[in-house]
There are 2 protein chains.
Amino acid sequence: MSPNQSVSGEARIADVPGPDSVAEAHAAARQRELTKPPGALGRLETLAVWMAGRQRRVIPRPVTAIAIVYAADHGVAVRGVSAYPSSVTAQMVAAIAAGHAAVSVFARTLGVDLRIVDAGVAADLSAIAGVVHAKVRHGTADLSVGAAMARYEAMRALDVGREQAARAIDDGADLLIAGEIGIANTTAAAALICALLRRAPARIVGRGTGVDEEGLRRKVEAVSMGVRRVRRAAISDPVEVLAELGGLEIAAMAGTYLESARRAVPVILDGFISAAAAVLAVSMAPNCREWLIAGHLSAEAAHRVALEWLRLQPILDLELRLGEGTGALLALPIVRAALAMHAEMLTFDEAGVSRSG
Amino acid sequence: MSPNQSVSGEARIADVPGPDSVAEAHAAARQRELTKPPGALGRLETLAVWMAGRQRRVIPRPVTAIAIVYAADHGVAVRGVSAYPSSVTAQMVAAIAAGHAAVSVFARTLGVDLRIVDAGVAADLSAIAGVVHAKVRHGTADLSVGAAMARYEAMRALDVGREQAARAIDDGADLLIAGEIGIANTTAAAALICALLRRAPARIVGRGTGVDEEGLRRKVEAVSMGVRRVRRAAISDPVEVLAELGGLEIAAMAGTYLESARRAVPVILDGFISAAAAVLAVSMAPNCREWLIAGHLSAEAAHRVALEWLRLQPILDLELRLGEGTGALLALPIVRAALAMHAEMLTFDEAGVSRSG
């Protein structure tokens, strides 16, 4: 690893490159020459041009994607904010590693290398084969009553995500997907969005995986308590906010987005949790936004709020609310098709087709 | 070919099977058992259950799709209703056959067998390799001033589509996609929708591939003239309406949808032209609707009108307005992922994961 590929320390956070606007302009010109009415392939044209700017090539190469699922537990689960018990996090890690979960099936179907990382599950997962063990701590503390983790733990969880991104890129990925599993993590994600974007909990908290009316009330209350504490302490540094409201897997996802952007590798965002991680990453390094593709709009209502702040338009809208990276993976064939179209179609001149009269 | 696989004659139009509601119910029950919150995979769950009803299996097989692009010309093009001259139809047939058009690239990327059929191009295409020659006539007549074709020609064009569907199914397809190329065919499609669904041309006619303001005015006028003639003559039989307002490729697409439904094979619809063909097919055989998946919502505003009448919810919304089958092909990976998820995920019991509390 060369010195400029270092993945620890904070100095490089601001060191995120921008896209190549010249390559983008040339790619847009090429789109106007291909044998179709200008603009007729809508979002696929935009994606191809966007990718040209990121790969710094008028005709971007086909992408090799790697998906990384981060798992962690949340102390706030004891407040009854989820329809599932915390033990499900570890069980789902095993299911993902064994290839039986939704994200496993989609990754296999699409030929994507899938990695599962324990960033902070509250159980010993050492017996599960195929898991990357990077546990920062055994789940966070209850964010509603105090800091979810120490600042050094938040930094460490960010670094877990940076390290995994660096490894995936070194392994040949030029497109990354980060997913998550963590019972109660829509509570932490909602709290982060409320604190970072100054929104009211009642407008951001949703049902997640399907909590009932009473659970939703408890969830709003837990988020409100955590956010109120952050506001009273006038905490605005994103890493401090992260430490207060947590999400070891959310931190790792944000770290993946930061490192990916630093290495000029685009990412496809997943659902609501992923958007919260992206808000965190962009709060730390605004240029990071330039490397994000919104894979889909989830059924969690506040996902839209986060995507609007990120100024991202989702590719898919399939009423998903699963996470794991499933929505990001489902958007991958659209990205692949956009790149194939851009590279393989002929121009009007090359094909001998008459232009618009 | 056995007698009940006959593809000509009209008797079998009413003979469209319905889905297997028992298989659907069992598939829906299976979805509730898989290791995810119930409903968390949104539209993918609906698609998997829908396909179970069509394949009459609780766990449907992976699908083998074949895409058929029908090409034909439109006499109404002389009215200046399109941004492109009619000669582009033949040029695009050559580009598709050579593998350079958008639909060719998408089919190749997705591993889908693509067939291109001359249903009525106003040029001699015999020199183009790889084209199925089934020309009914050299383009239609101008629908604004008289019948686009004779009734027997409309019947013949429907049969071209039926025959191609039968051939594709005999070749192993259990999912069909029909696309089209035909300069001025959004004019014919708009006229068909206006006549069949009793809508006002000004609300249905759009810019197609990108006609200018003056061209749009001419297009509304041409559609209005044709639709007025049909209404004055009190023509309501769908085949008569088709003969009056035309579209040899639209007829062939409708024939494909009818035969596909008769053989209990689902189809993925493409854009606006495809929706007009589906409206025609469903007007002829209402049960045909049960075999249709809406691949996407196109940028042509009236596409929504047709899909609402068909009671279909599109999978994608990518601002496409190209046709050729491109939008239907882009939806295929979502259908494939839905089936893989349904077949390959484990249930809570199988995976040893705790259920919702």
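**Helices, sheet and pockets, term by term**

Trainee: Which residue follows α2(B), and what is its phi?

Mentor: R56(B) follows α2(B), and its phi is positive, near 55°. This is a predicted model: local features need pLDDT of at least 70, side-chain atom pairs count only at pLDDT 80 or more, and totals for chains, interfaces and linings use all residues. Residues are numbered from 1 along each chain as its sequence is written, chains are lettered from A and ligands numbered from 1 in the order written, and side-chain values use heavy atoms, without hydrogens and water.

Trainee: What makes α2(B) a helix of the expected span?

Mentor: Start with the term. A helix is a DSSP run of H or I with at least four residues, a strand is a run of E with at least two, and both are numbered from the N terminus. Expected span is 1.5 Å times one less than the number of residues. Helix α2 (residues 42-55) of chain B has 14 residues. Its first and last C-alpha atoms are 20 Å apart, close to the 20 Å expected.

Trainee: Why is α2(B) called mostly covered?

Mentor: Buried means under 20% relative accessible area, exposed means over 50%, and partly exposed lies in between (1.4 Å probe, protein chains only). In α2(B), 13 of the 14 residues are buried.

Trainee: How do you know that the span of α5(B) agrees with its length?

Mentor: Helix α5 (residues 151-170) of chain B has 20 residues, so at 1.5 Å a residue it should span 28 Å. Its end C-alpha atoms are 28 Å apart, which agrees. α5(B) is mostly covered too, with 14 of its 20 residues buried. G172(B) comes after α5(B), with a positive phi near 110°.

Trainee: What makes R56(A) worth a note, and why is it called partly exposed?

Mentor: R56(A) is not a glycine, yet its phi is positive, about 55°. R56(A) sits in the loop between α2 and β1 (65-72) of chain A. Its relative accessible area is 47%, so it is partly exposed.

Trainee: Why is R198(A) called exposed?

Mentor: R198(A) has a relative accessible area of 64%, so it is exposed. Its phi is also positive, about 55°, and it is not a glycine. The loop between α6 (185-197) and α7 (201-204) of chain A holds R198(A).

Trainee: Which strands make the sheet in chain B, and why are two of them at its edges?

Mentor: Strands pair if DSSP finds at least two bridges between them. Six strands form an open sheet in chain B, with parallel pairing, in the order β3-β2-β1-β4-β5-β6. β3 (131-133) and β6 (292-294) of chain B each have a single partner strand, so one side of each has no neighbour in the sheet. Strand to strand, the twist averages 30°, where axes are lines fitted to C-alpha atoms and angles run from 0 to 180 degrees between N-to-C directions.

Trainee: How do you know that β4(B) pairs with β5(B)?

Mentor: Two bridges join β4 (175-181) to β5 (267-269) of chain B, which run parallel. L176(B) has V267(B) as its bridge partner, and I177(B) has I268(B).

Trainee: Why is β4(B) called largely enclosed?

Mentor: Seven of its seven residues are buried, so the rest of the structure largely encloses it. Both faces are covered: L175(B), I177(B), G179(B) and I181(B) on one, L176(B), A178(B) and E180(B) on the other.

Trainee: What makes a space a pocket, and what is the volume of the largest pocket?

Mentor: On a 1 Å grid over the protein atoms alone, a pocket is an open set of points with protein on both sides within 12 Å along at least five of seven lines, whereas in a cavity a 1.4 Å probe fits but cannot get out. Lining residues have an atom within 4 Å of a point. Grid points are joined across faces, edges and corners, and volume is the space filled by probe spheres set on them. The largest pocket has about 410 Å³. It is lined by 21 residues, the closest to its centre being D317(A), P314(B), I315(B), L316(B) and D317(B).

Trainee: How does the lining of the largest pocket divide by class?

Mentor: Nonpolar covers Ala, Val, Leu, Ile, Met, Phe, Trp, Tyr, Cys and Pro; charged covers Asp, Glu, Lys and Arg; the others, Gly among them, are polar. That lining has 10 nonpolar, two polar and nine charged residues.
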